[in-house]
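Want to learn how to read the place where two chains meet? Let's look at one together.

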Amino acid sequence: MRRTEPWLAAALDPALAVPLATPVLLVLAGLVARPDVERTVVDCLVLMSVVVALQLFSGSSGVISVCHVAFVQLGAYVSALSAMPEQRREVMLPDLPSGLAHVRVGLFWSYLLAALAAAVLALVAGPLLMRLSGLQSAIATFALLLATQTVIENWSAVTGGPGALIGVGTSTTPVLAGGLVVVAVLVTHAFARSRYGLRLRATREDEVAARAAGIDVERLRLLAFVVSAALAGAAGALYGHRLGTLNPDDFGLRLTFFLLAMLIVGGLRSLTGAVVGCVVVTALGQALLAVENGVRWGPVGLQGPPGLRELGLAALLVVILLVRPAGLVGGRVRE
Amino acid sequence: MTTLLQSLVDGIGVGGLYALESLGIGLLFGIMRLANFALGAVTMAAAYALYVARDLPLGVAVLLAVGVAVLLSLLLEAAVFRRMRSASEAALFIASFAIAFGLENLALVVFGANTRSFSLSPWLARSSDVLGLRISHLSIVTLVAAGTLLLLFSVFLRRTEVGIRLRAAADDFEMTALLGVRAHRLIALAFALSGVLCAAVAVVVVGQLGGVSPGLGSNVVVIALLGAVIGGMDRLSGAAVGGFCVGFVLSLLDSVLPLEVRPFRDAVTVAVVVGVLVFRPQGLLPGGTLTERV
C-alpha cells in the first residue's frame, strides 16, 4: 500500500474534526438564516478567526497576549480605508495626507494589506514584548493595546478620530468569514505540528530547559506572534466590512474581554477549545442579549437591563477559571 | 512662575491619588502575586456608596464608602482569589479583569450608564488663596488625605507587628507562612486594607468629577497599575512611588505639552511602561529577594 502523503495525514488529523466542522456548519446556518441571525453568525466566525489566531500564539507559547484587539482594529482601519471609493474618502477624511488619498485597492487586496499592517506592527513591537513572560507580558501587551488605541483615536486626519468612520460597506458574507476560519485553523494546525511549533511548546513547558537545549525562545515566540497578528489583522478587515461603521469604542476593553473569555472558556491549549469557546460565549451572549431586549415564552415575559450580557459572560469566565482552569474541553482533546 | 507652581501643586495632588491606588496593588501583588485589576471596580463601588449616601453627613457617607469597599474586597477574596492560590499570575490577572468587567456592568445594570452627578460638599468645590496661588479645597484635601494615609501606612508597616508581618509576607510569602504567621488572615487583611485605599481614592475622584459613572474605576486602575509596574510591584514603597510618579508626570504633561501633542500623552506613557518592563522587569525600585530561580 502506498504511504499516505504527510500533508494529507496532517489534514486528516482527528484533532481538526471539530475546528473545521464548526465553521462549515455555521456558514450553512448563516446562509439560510434571517439577516439578523446571519450577522450574529458572521460576527461569531470573524471572532473565531481571531481566537484561533490567539490560540496559535498563546496555546503554543503559554504567553497571554492582551493586544490582539489592536491588530484587529488596525486591520479593520487599513482595509476600510484602502478599499473605500475615493470620492467617499474625500468627504469623510478631507485632511488625509495626499500620498494616501489616491491609493485604492480591491477588497481582497485590502485584506492582505490589513494582514500585512498587523504583521508589521507585531514585528516592530514584538522583539521587546517577546522577552517577557507571565504577568509582565500581559501588562506590556495591554500597554501596546492602549497605545494603538490612543493613536487611532487621535490621528483624526487618517482615521476619522474619536467619531465613527462611516460608509465602510458591509461586504463580509458568512462564506468569506468561514473561509478565513478554515485558513486560520489550517495555518495554526500546521504551525503547531511544525518543528517551530513543537520547540515553542517545549519553551512553554520548561523555558529554562528549552533554552539549555539551544532553543531561541524570543525568536520562536516572535514568529508565532507575527503569524498570529497577520491572521488577526485579516480578521479585523472582515470585521470592519461587517460592521460597516468603524467606531474606536468597538475595539476597546470590551472586545478584548470577549476574546479572552472565548479563548479561556473553551480551553487555551487546543484548537477545539478555541472554537468551542467561541460558540459557547456567542450563544450565551446572544441569549442574554435577547433577555436584555425582552423575550416572551408563552405567558412568561422576561426583560433584563442593559449590561446583562457582559455581566453574565464575566461570571461565566470567573467560574471557568475557578472550576475548570483548563477550559471546557481542556484535557479531553489531544493537543 | 505661578502657573508652573500651580501645575506642580496639582501634579502632587494627582500623584498622591495614584500612589494610594498603586499601594493597594503593591500590597496584594507582593503577598499573592495578584495584579488586582478589580481594585478599580472596588473604587467604583465606593463611589456609588457615596452617591447613595449623598444626603447623609459627609463623615457618615465616607465611613459607608469605606465599609462597602472593605466588604467587597473581602468578598472577592473569599469567593474567588482564595480558591486560586495555585493559579498563575496571568490567570489571576485575567480573573481580576473579568471581575472588574462584571462589576462595572453590574453598576450599569443597577444605576444605568449615565453619570450620576452630585456634590460631596459645597466647600470642596471652592478655592482659597494660599501664598498667591489659587488652590482648590479639593486639591488641599487630596494632598492631606494622600499624605496622611501614606504616612499612616508607612508607620503601620514599619512599626507595628502586624505591619512587619505583612511586609515579610509581601517579601517571601512561603517563608513567612512556614515561620508560623497566619497566612490566610494576613491575606484577608491585605485585601481589607486595599479596600480602605480604594475608598479614599473614590472620595477624591468623586470630588474631582462631581459625579460617578460605571467607568470611573477602570480609568484610575489602569494608570495605577502602570505606575506600580514602573515602580516595582514587589516592594510597597516601589509601587507607591511609581504610582505617584506616573500621576505627577501625567498631570504635568497635561499643562506643559503643546495642544496638538496632548492627545498622544497616554501613548507616550505606555511606551515608557513597556520600556521599563523590558529593561528593568523588576521595576525601578525592586524588592530585595525576588530573583527568579530555576
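Here is a short talk about an interface and one of its chains.

Q: What should I know before I start?
A: This is a predicted model, where local features need pLDDT of at least 70 and side-chain atom pairs count only at pLDDT 80 or more, while totals for chains, interfaces and linings use all residues. Residues are numbered from 1 along each chain as its sequence is written, chains are lettered from A and ligands numbered from 1 in written order, and side-chain values use heavy atoms, without hydrogens and water.

Q: How many residues of chain A and chain B are in contact?
A: Contact means heavy atoms within 4.5 Å. Here 36 residues of chain A touch 38 residues of chain B.

Q: What is the area buried between chain A and chain B?
A: Interface size is often given as the accessible area lost when the parts come together. Using a 1.4 Å probe and summing over both parts, you get about 3,200 Å², with 88% from carbon and sulfur atoms. L135(A), I139(A) and L322(A) supply 19% of the area chain A buries against chain B, more than any other three residues.

Q: How much of chain B is buried?
A: Buried means under 20% relative accessible area (1.4 Å probe, protein chains only). Of the 294 residues of chain B, 51% qualify.

How values were computed:
Buried area is the accessible area (1.4 Å probe) that two parts lose on being put together, summed over both. Buried means under 20% relative accessible area, exposed over 50%, partly exposed in between (1.4 Å probe, protein chains only).
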